[in-house]
Amino acid sequence: MAAACYPSSRFHRIHGANVRLDPSRTQATRVESFANGLCFSQEPLAPGQIFLLEIEEKELGWCGHLRVGLTARDPSSLEAVPEYSLPDLVNRGDSWVFAITRNHNRVTPDTAAEQASVRVRGFLADPYLLIEQVRIPRDKLVGRSRPGRYSHILDDLYQSNVLPPTARRSRIGVLYTLQPDGTADMHMVINGEDMGPSARGLPASRPLYAVVDVFASTKSVRLIQVEYGFPLLQTLCRLVIQKHVVHRLAIDGLNLPPLLKNFCKYE
């Protein structure tokens, strides 16, 4: 079966009043207050396509965290962007938003079969995350620390999903899967683990855009591009190099082009 090919993820030009996008529209920062941080994907998502982001910056003093979901409303059709995703956008209908918390993000499986499926999809079971019929490479799904003396230790914590989902460098994604009755289930993915169907019965026949609310203690997020199918040569080089160094600071001493060094250190 041919590998899925999706366009690069970008934020929509329509966004909340307090959001500033970088020129590439892959980073969204809330420049003031704690609200009006609503963002959308540039294009509707395809079934199984993950809209993945990393928490770049936090801001102390606020109560609450990032909110992520899907909407069947075209952002261009909004007369005004709501101040909040919850409850404002959701109360307008055709929107499903999940509030990320420090601890309680997993949806309890409904049946023993689903519980068994969750165990099979354990983090170390496969290089791909399996969500029903969807296969997503795990490589980009897990956050990584900034390069430093102890980055290799911190990276292990990210990979084991020990650190809170609301921490800096955590990676959170949203996608939907098609169901036999013609509807869709929304899934949240946090640091490489599927949290289960957080909403059911979405209208799969309508375009579904990703929703990202850069809310309260979450100050800035950036989009992560996921490679489906065969990895790029650049990615394969990075994996081999990282496998043979103790920590990423050692990459500075290698005889490599500067661009490749930076890619190996920060991705």
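Residues are described as buried when their relative accessible area is under 20%, as exposed when it is over 50%, and as partly exposed in between (1.4 Å probe, protein chains only). The structure holds zero disulfides, a disulfide being a pair of cysteine sulfur atoms within 2.5 Å.

The model is predicted, and local features therefore need pLDDT of at least 70 and side-chain atom pairs pLDDT 80 or more, while totals for chains, interfaces and linings use all residues. Residues are numbered from 1 along each chain as its sequence is written, and side-chain values use heavy atoms, with hydrogens and water left out.

Helices (H or I, at least four residues) and strands (E, at least two) are DSSP runs numbered from the N terminus, and two strands are taken to pair if DSSP finds at least two bridges between them. On this basis, seven strands form an open sheet with antiparallel pairing, in the order β1-β2-β13-β4-β9-β10-β11. The edges are held by β1 (19-21) and β11 (193-203); each has a single partner strand, so one side of each is left without a neighbour in the sheet. Neighbouring strands are turned by 25 degrees against each other on average, direction ignored; axes are lines fitted to C-alpha atoms, for helices over the stretch in contact, and angles run from 0 to 180 degrees between N-to-C directions. Strands of a sheet pair through backbone hydrogen bonds, either parallel or antiparallel.

Three bridges join β1 to β2 in the antiparallel sense, with L21 opposite A28 of β2. The hairpin of these two strands has five residues between them, and R25 takes a positive phi near 60 degrees there. Strand β2 is in turn joined to β13 by three bridges, again antiparallel, and T29 has S220 of β13 as its bridge partner.

Strand β13 pairs with β4 in the antiparallel sense over six bridges, and β4 is joined to β9 by four bridges, also antiparallel. Residue L52 takes part in both pairings: it stands opposite I224 in β13, and its bridge partner in β9 is G173. Strand β4 is mostly covered, since six of its eight residues are buried. Further along the sheet, seven bridges join β9 (residues 171-178) to β10 (residues 183-190) in an antiparallel arrangement, and the partner of L178 in β10 is A184.

Aromatic side chains were examined next. Rings of Phe, Tyr and Trp (its six-membered ring) pair if their centres lie within 6.5 Å; planes under 30 degrees apart count as stacked, over 60 as edge-to-face and the rest as tilted. The count by this rule comes to five aromatic pairs. In one of them, F34 and W62 are tilted, with 5.0 Å from centre to centre and 40 degrees between the planes. This pair links distant parts of the chain, 28 residues apart: F34 is in the loop between β2 (27-30) and β3 (38-40), and W62 is in the loop between β4 (51-58) and β5. Both residues are partly exposed, F34 at 28% relative accessibility and W62 at 37%.

F34 also forms an edge-to-face pair with F215, at 6.1 Å centre to centre and 70 degrees between the planes. Here the partners are 181 residues apart, with F215 in the loop between β12 (209-213) and β13 (218-224). F215 is buried, at 6% relative accessibility. Together, F34, W62, Y84 and F215 form one aromatic cluster.

Charged groups also lie over aromatic rings, the criterion being that NZ of Lys or CZ of Arg is within 6 Å of the ring centre and within 35 degrees of the ring normal. The charged end of R67 sits over the ring of F215, 3.9 Å from its centre. R135 lies over the face of Y128, at 3.9 Å from the ring centre.

A further loop residue, L78, is placed between β5 (67-71) and α1 (85-91). L78 is buried, at 14% relative accessibility. Leaving aside neighbours within four places in sequence, L78 is in contact (heavy atoms within 4.5 Å) with F40, R73 and R92. The C-alpha atoms of L78 and I14 are separated by 8.7 Å, although these residues are 64 residues apart along the chain.
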